[in-house]
Amino acid sequence: MPAVSFQSVSKTYAAGRGAFKALDGVSFDIEEGEFFGLLGPNGAGKTTLISILAGLVRATSGSVRVHGHDVQADYADARRKLGVVPQELVFDPFFTVREALRIQSGYFGVRNNDAWIDELLESLGLADKAKANMRQLSGGMKRRVLVAQALVHRPPVIVLDEPTAGVDVELRQTLWQFIARLNKQGHTVLLTTHYLEEAEALCGRIAMLKQGRVVALERTSDLLKAASSNVLRFKLDGALPAEFENKARVTGRIVQLPAHDAHEIEQYLAVIREAGLSVEDVEVRKADLEDVFLDVMAEKAAV
Ligand SMILES: Nc1ncnc2c1ncn2[C@@H]1O[C@H](COP(=O)(O)OP(=O)(O)O)[C@@H](O)[C@H]1O
Ligand SMILES: [Mg+2]
């Protein structure tokens, strides 16, 4: 039995005078113990899919199961199997960190949970904040509490919706170490992130969403293997030649171009010479997940 099963999930929001289809027939399974990445640009439908999984939003059609429990017909059992860290920082400002975690435990009917709460606080670097009021915490600290809150009832499936957006490097590392450990212990993890290097390092399998549809669903290693090319990377001392405009990834002075073979690299360099430009720090590297992501998103153009 899969840990999570999405079957033909569609969601149409009422929007202004019309209707907006945020999800359009999404189907895939996540097996128990997987570390699964859900990627896609802003507005692709990731949070909508997670909200349907968490029972916060109702699908227009299709069904979702968690360990076999339908998220609508069997809501309480499905919800108990899930720990969800939401994208938005939602919290009650009147409680201390420990109180918030005790209340959440009570919500799931877990009693005498302080030993586990202490372990969560310790693992997430929150031990000295147990008595702090939620409203006194920085954004990063609140994010840690949200993670702890999602885990108070030891759910087998952990869902994280952009947990590292706007978070400092230290928290990202603490968080990933902890989540990776839980995954090793057998927890299933579903993650959305814009940091593709995180997804590449952590996720065994990845689904890419675009405009509410799954446009790629593969093992991370296969996605990287299927990348059609290497990447030529250099610093350019002038304006980008028009020939490169549709294929180059540009970050300040750094230009990256897909390079299938030596001949193509020579052609690129010839274009630069002819434009009277010069380059520095030239290197050829293997395509990474970001290259694959940009490829997939460009390929499956909007209809
Ligand atoms: N409650 C809502 N009402 C109307 N439109 C919504 C609502 N929630 C999300 N949307 C729209 O659905 C699309 C998908 O949003 P979302 O699931 O948040 O995407 P993602 O998390 O991938 O950025 C967006 O175009 C968004 O504006
Ligand atoms: Mg989102």
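## Close-up views of the predicted model

**D281 in strand β14.** With 9 C-beta neighbours inside 10 Å, D281 counts as exposed (a residue is exposed with 12 or fewer other C-beta atoms within 10 Å of its own, buried with 20 or more, and partly exposed in between, the C-beta atoms being placed from the backbone). The residue belongs to β14, which covers residues 279–286. Although D281 is not a glycine, its phi is positive, at about 50°. The model is predicted: local features need pLDDT of at least 70 and side-chain atom pairs count only at pLDDT 80 or more, while totals for chains, interfaces and linings use all residues. Residues are numbered from 1 along each chain as its sequence is written, and chains are lettered from A and ligands numbered from 1 in the order in which they are written.

**The protein chain as a whole.** The chain contains 10 helices and 14 strands; these are DSSP runs numbered from the N terminus, of type H or I and at least four residues for helices, and of type E and at least two for strands. The C-alpha trace spans about 75 × 45 × 40 Å along its principal axes. Of the 303 residues, 33% are buried. Contacts (C-beta atoms, placed from the backbone, within 7 Å) between residues at least 6 apart in sequence join residues at least 24 apart in 69% of cases.

**The open sheet β2-β1-β4-β5.** This sheet consists of 4 strands with antiparallel pairing, where two strands pair if DSSP finds at least two bridges between them. β2 (18–30) and β5 (69–70) are its edge strands, each pairing on one side only. Strand β1, residues 4–15, runs antiparallel to β2 and is joined to β2 by 9 bridges. One of the bridge partners is the pair A14 and A19, the latter in β2. Pairing of this kind rests on backbone hydrogen bonds.

**Helix α1 across the sheet strands.** Helix α1 lies across β1, β2 and β4 (61–66) and runs at about 115° to β1; the angle, on a scale from 0 to 180 degrees, is taken between the N-to-C directions of lines fitted to C-alpha atoms, for helices over the stretch in contact. The buried positions are K46, T47, T48, L49, I50, I52 and L53. Just after α1, G55 adopts a positive phi of about 80°.

**H67 in the loop between β4 and β5.** H67 has a positive phi of about 45° and is not a glycine. With 20 other C-beta atoms within 10 Å, H67 is buried.

**Strand β6 beside β7.** The two strands run parallel and are joined by 4 bridges. The bridge partner of V85 is L160 in β7. L82 and V84 point one way from β6, G83 and V85 point the other way, and all are buried.

**Helix α5 and its packing.** Helix α5, residues 139–151, has 13 residues and reaches 19 Å from its first C-alpha to its last, close to the 18 Å expected at 1.5 Å a residue (the expected span is 1.5 Å times one less than the number of residues). Among its buried residues are R143, R144, V145 and L146. The buried residues of α5 pack against β6 (82–85), α3 (97–107), α4 (114–123), β7 (157–161) and α6 (169–184).

**Strand β13 with β11 and β12.** β11 (230–236) and β13 (254–259) pair in the antiparallel sense over 6 bridges, with L232 facing its bridge partner L257 in β13. β12 (249–251) also pairs antiparallel with β13, over 3 bridges, and T251 stands opposite I254. A hairpin is formed by β12 and β13 with 2 residues between them, and G252 in the turn has a positive phi of about 60°.

Terms used
Contact = placed C-beta atoms within 7 Å.
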